[in-house]
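User: Got a minute to go through the strand pairing and the core with me? I'd like each label checked against its cut-off.

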Amino acid sequence: MSWITGGVLGTAWFSRVVDAGMGMPKVADVAKPEWAAANASFPRVSVIVPARDEEGTIADVLRGLLALDYPNYEVLAVDDRSTDKTGERMDEVAATASAVGRLKILHIAELPERWLGKTHGMWTAGQQATGDWLLFTDADVFFRPDTLRRTLAYAESERADHLVVFPTLVMKSPGERMMIAFFQTLFAFGHRPWKVSDPKAKDHMGVGAFNLIRRQAYEKVGTYQALRMEVLDDMKLGKVVKNAGLAQRVVFGEGLLSIHWAKGAFGVINNFTKNFFAVMSFQWWRTVATAVALLFLNLGPFVGVWFASGWSRAGYLVALLSMFAIYAGMSLRTKIAPYYFLLHPVSTLLFNYALLRSMVVTLRDGGVTWRGTKYPLEELRKGLV
């Protein structure tokens, strides 16, 4: 029995690392020199930034967006019922000389029924946007000045309808690196970015830090009104775009946009608490089954190689080596050293804790509470795409 289990784990991890090793090099990197001089027609872009209680970062984020070297764009910043000084900070930036004719502030005082605050904010801004392209980003993402120029040149050359750029994650503690390394390992196992551009594949992508979509495509998929109650609005935007048969692309862009996603390991877990039960479509049985599968897949190789004997260890060793290869590959693009592989069992347990905690908290509270607003579970389930 041990050698069968090891064989299953070894095959699962080895097949995925081979697939990733062959596929990831096909994903373009718009940070490379050739995209710096690429010609673009400079279509108009509307950058949409929803924010709630982001007084600590919003001013710097907006100033960074106003410093973009792209000649034809506007910024629409949405103050979504903030209880701090986010709206004031936005207005202060809008009053500066560099913001005139470029930055527009939208203040939302009330949230309509059956809307999430973020999706409503993005939809509201989209209604007033004048761009041929809409770029949805977050209020804690920092852009390098050449980001729009490079990404639009790529999107236009590829005739894309939707472009996703992986952000550079700023990690300031070992706990953050450990949890993000695990998350990216699972991402490499469960998603195939290199298949997103394949119209025959179901793989899709969306990232809150950088979802760039052509206006015609945005309207074709029903705008954010179709995603009004989606907690995972970024990924679901990618899903509806792909389901509509539109051209989707995913690229790397090292250093073009950066974000400090969470503080410490438990900061990452708190962020996961909002999202994970939504990933499981708010189904408890699916959540429990996923937790068991994750333990088997991620702890199984470590346990098996310790307790198995003789040749029955081979499959577990293949799984561990394949897992390490993923960590080594990640280290080429992130500041996560390959030796974080040794903490994989710890991050597995913490990740499972976050998954189950998300389920328990959501069921206990009868919904998701985020940034001071509670969204009923019944409405969230009805709004799933």
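User: What stands opposite proline 50 in β2?

Analyst: Valine 78 does. This is a predicted model, where local features need pLDDT of at least 70, side-chain atom pairs count only at pLDDT 80 or more, and totals for chains, interfaces and linings use all residues. Residues are numbered from 1 along each chain as its sequence is written, and side-chain values use heavy atoms, with hydrogens and water left out.

User: Why are β1 and β2 called paired?

Analyst: Pairing takes at least two DSSP bridges between two strands (a strand being a DSSP E run of at least two residues, a helix an H or I run of at least four, numbered from the N terminus). β1 (residues 45–51) and β2 have 7 and run parallel, so they pair. β2 and β3 (residues 103–108) are also parallel, over 6 bridges, with aspartate 79 opposite histidine 107 in β3.

User: What makes β2 mostly covered?

Analyst: Buried means under 20% relative accessible area (exposed is over 50%, partly exposed in between; 1.4 Å probe, protein chains only). In β2 (residues 73–80), 8 of 8 residues are buried. One side has Tyr73, Val75, Ala77 and Asp79, the other Glu74, Leu76, Val78 and Asp80.

User: Which residues have the most contacts inside the largest nonpolar core?

Analyst: Among them are Val45, Leu62 and Leu212, in a core of 52 residues. A core is a set of buried Ala, Val, Leu, Ile, Met, Phe, Trp, Tyr and Cys residues joined through side-chain atoms within 4.5 Å. Helix α2 (residues 58–66) gives the largest share, 6 residues.
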